[in-house]
Structures are given as C-alpha cells and as structure tokens.
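Subject: Structure handover

Hello,

Here is the structure for you to look over. My notes on it follow below.

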Amino acid sequence: MTEEHHHRDLAALQRRLADFAAARRWEPFHTPKNLAAALSVEASELLEIFQWLTPEESARVMEDPRQAHRVEDEIADVLAYLLQLCTALGVDPLSALDAKIGRNEERFPTPGA
C-alpha cells in the first residue's frame, strides 16, 4: 500500500471515530486533556498484559488466542484515543511521525556511517 492509501484509511478511521462520538454526544468530553488521559490509561492496560511475563513469554503472547485478542483490543484502544487526540489538536499523525523519525535519524546516526 502506498503512504497516500494509508493516509486515506487513517483519515477514514478518524472520521468514523468522530461520527461514533458525535452520535453519542460525547464531543464535550473529548477534550485534549481527557483524550490524553484516556490514552495513558489504555496504554497502561496494554502494559498490564505483559507486566509479569518473561521476555520469552512476551515474545510468544500472540500464540494464545485469548491473549492475542486482549493485546489487539488494547492496541486498538490506544490507537483510537491517539487518533482522537490528533483530531482534537489538528495534528496529522503520519506527518508528525515522519518528522520525528527524521529528527531521530539525525540525532542517532548509524554507527560507523
């Protein structure tokens, strides 16, 4: 898939999330502060799945269908709140990520390059 195709899909998901919230009249609660807090909570719920696993167990977590479903749900929740936060703040998440990768490439050059 091209970056443009991914971007269209991302924009469609952001619209779908906005429509979902609007239909339930949740927009007054979807402030940047509340969305950032919800994002943190969901990221913590994702972390909870891995909390007491060994590195080896964590690498195999997707082999258990029940655990895989939990991981996918929490990843979806994290992404949903991140996309809603981006919408609320007018941030293009793909552009922000691209710019950050560029800064990291400059900050952390390839060893020996």
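H4 gives the largest share of the lining of the largest pocket, 5 residues. Helices here are DSSP runs of H or I, at least four residues, numbered from the N terminus. The model is predicted: local features need pLDDT of at least 70, side-chain atom pairs count only at pLDDT 80 or more, and totals for chains, interfaces and linings use all residues. Residues are numbered from 1 along each chain as its sequence is written, and side-chain values use heavy atoms, without hydrogens and water.

The pocket first. Its lining is Leu-17, Phe-20, Trp-26, His-30, Ala-76, Asp-77, Ala-80, Tyr-81 and Gln-84. Lining residues have an atom within 4 Å of a pocket point. By type, the lining has 6 nonpolar, 2 polar and 1 charged.

The ends are worth a look. Asp-64 caps the N-terminal end of H4, with a side-chain oxygen 3.0 Å from the backbone nitrogen of Arg-66. Gly-90 follows H4 and has a positive phi, near 70 degrees. Asp-92 caps the N-terminal end of H5, with a side-chain oxygen 3.0 Å from the backbone nitrogen of Leu-94.

Best wishes

Terms used. Polar contact = N/O pair within 3.5 Å; in protein donor to acceptor, adjacent residues only side chain to side chain. Helix = DSSP H or I, 4+ residues; strand = E, 2+ residues; numbered from the N terminus. 1 Å grid on protein atoms, 1.4 Å probe; cavity = no way out; pocket = protein on both sides within 12 Å on 5 of 7 lines; lining within 4 Å. Nonpolar A, V, L, I, M, F, W, Y, C, P; charged D, E, K, R; others polar.
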